[in-house]
Amino acid sequence: MEIFLIRVLQFILAISLLVLLHEAGHFFFAKLFGVRVDKFYLFFDPSIWKWKGSLFKFKPKNSDTTYGVGWLPLGGYCKIAGMIDESFDKEQMKQPEQPWEFRTKPAWQRLLIMIGGVLVNFLLALFIYSMILFWWGDSYIPTRNMTNGFKFNTEAKALGFQDGDILLSADGKEFKEYNGDLFRELSEAHQVTVLRNGKQHIIQLPGDLNLLDMLKASPRFAEVLVPMGIDSIIPGSPAEKAGLLAGDKILCINDSAVADFNDFLFQLEVLKDRRMAAETNEEKEALRNVRLIVQHAESIDTTMAKLNADEEGNLTLGVSYAKALSAYEPVTIEYGFFESFPAGIKYGCHVLAGYVGDLKYIFSSEGAKSLGGFGAIGSLFPATWDWHRFWEMTAFLSIILAFMNILPIPALDGGHVLFLLYEMITRRKPSEDFLIKAEYVGFGLLILLMVVANLNDILRWLGYM
């Protein structure tokens, strides 16, 4: 429960910050051009019976704007006078046009008002990335320094990879570190250079591997290889109760041989999946009992252990293999205050390009299944409060929010921008009736997308996906 609350708090804090600043972008340009803003809200405030839906609201003296917090935490809004938006305020649009309304302003001013939120989110992401680099620097472990190499699944081995290969480069471009970019580069590569037994080998690839399949596969296409060898035993853990000691090696779990910690962790994932599919608590509890074949310093023994299970269903034995990873020395690049800005801008644009490039997978059946709602986004935040990771996630979400909002879909900022560009090019303004109908269609599509994404979260939680 504690992990859940920490993630929820981080998610709400990040989304609240991004929504407030997004709406502040619209607000700034509206005020700049003399457009009245009727309401400025964090979260939505749909009325329920006689209750107006506001948790908190106030209207400063001599101000036209009511500021408040709604009860439905799905975003926020800035209600601009004389504009067709998600409020569907048809009555206001029936009134005579006023000079302080959105609809009476020149098209270029209305365009700036509409892109204000997206602009703020994009610039905010670049600023956060810059400050992350300034404060923490860029710390990573180069793949060429991972001397134990990588562990590959059957699909990767069919292409020519072998366990222990050290990934060096793709199409002549050196891999930086083990992250999503590495998988993206592998998926697009025609030639990958690896170090095998001290010699470089070139592996030919098709150049169009499915990135989604590579990431979702269990085990993954490539993982950092962790040799078997227990560094330490957690006091009071199942491992200690089973008599395991530092220096021992686990050779087998139940009937499955394990050559390294990668194999061992994969078998724990298999047991987790089986427990999720179990129909009774008795079956689930029985699956926690495992038989281990363990190599000690001078003997090989068979022992039983009852694995721990946390609130998310993860199974643990209570052994550490941290030394295998800590042996790799990270490289840290530090940035001065002014140096951090070009580096942050470059990194932010790289993140955006990668995200846009990966959107093609959404239009596949597996891509649709991979869509996630609030639960999936919240799970991306760390289980403990980590400011470094929090700001990385906030910057990433800010880029996503900027890009998604600029898509030419009615009800999104990009839909309004599309109609404004049409007006500027043709000198003809779309009718208010058309704009209202388009808003309804776009809003319906967004609701449908939200339902599908959050339904996927529920199905994953129930173990059906």
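This is a predicted model: local features need pLDDT of at least 70, side-chain atom pairs count only at pLDDT 80 or more; totals for chains, interfaces and linings use all residues.

Q: OK, helix α5 to begin with. Which of its residues are buried?

A: α5 covers residues 180-188, and the buried ones are Leu182, Phe183, Arg184, Glu185, Leu186 and Ser187.

Q: And what covers the buried residues of α5?

A: The cover includes strands β7 (166-170), β8 (173-174), β9 (191-196) and β11 (222-224). Helices α6 (211-216) and α11 (337-358) are also among the covering elements.

Q: What goes on at the start of α5?

A: Asparagine 179 has a side-chain oxygen within 3.1 Å of the backbone nitrogen of aspartate 181.

Q: Switching to serine 54. Where is that?

A: Serine 54 sits in strand β2, residues 54-58.

Q: Buried or exposed?

A: Serine 54 counts as buried because its relative accessible area is 15%, under the 20% cut-off.

Q: What does the side chain of serine 54 make a polar contact with?

A: The side chain of tyrosine 41, at 2.6 Å. Leaving out residues up to four places away in sequence, serine 54 touches Tyr41, Asp45 and Val69.

Q: Now the backbone. Which residues does a cis peptide bond join?

A: Serine 218 and proline 219, with omega about 0°. Proline 219 is in the loop between α6 and β11. For context, most peptide bonds are trans.

Q: What about asparagine 62, which isn't a glycine: what is its phi?

A: Asparagine 62 has a positive phi, about 65°. This residue lies in the loop between β2 and β3 (66-70).

Q: Why does asparagine 62 count as exposed?

A: Because its relative accessible area is 79%, and exposed means over 50%.

Q: And asparagine 254?

A: Asparagine 254 also has a positive phi, about 55°. You'll find asparagine 254 in the loop between β13 (249-253) and β14 (256-257). At 24% relative accessibility, asparagine 254 is partly exposed.

Q: Last topic: how much space lies in the second largest pocket?

A: About 320 Å³. The second largest pocket is lined by 19 residues, and Ile84, Phe102, Arg110, Lys429 and Leu435 are the closest to its centre.

Q: Which elements give two or more residues to that lining?

A: Helices α3 (107-136), α15 (413-426) and α16 (432-462). α15 gives the most, with 4 residues.

Q: How does the lining split by class?

A: The lining of the second largest pocket has 9 nonpolar, 3 polar and 7 charged residues.

Conventions: Residues are numbered from 1 along each chain as its sequence is written. Side-chain values use heavy atoms; hydrogens and water are left out. Buried means under 20% relative accessible area, exposed over 50%, partly exposed in between (1.4 Å probe, protein chains only). Contact means heavy atoms within 4.5 Å. A polar contact is a pair of N or O atoms within 3.5 Å; within protein, one must be able to donate a hydrogen and the other to accept it, and residues adjacent in sequence count only if both atoms are side-chain atoms. On a 1 Å grid over the protein atoms alone, a cavity is a set of points where a 1.4 Å probe fits but cannot get out, and a pocket is an open set with protein on both sides within 12 Å along at least five of seven lines; lining residues have an atom within 4 Å of a point. Grid points are joined across faces, edges and corners, and a volume is the space filled by probe spheres set on the points. Ala, Val, Leu, Ile, Met, Phe, Trp, Tyr, Cys and Pro count as nonpolar, Asp, Glu, Lys and Arg as charged, and the others, Gly among them, as polar.
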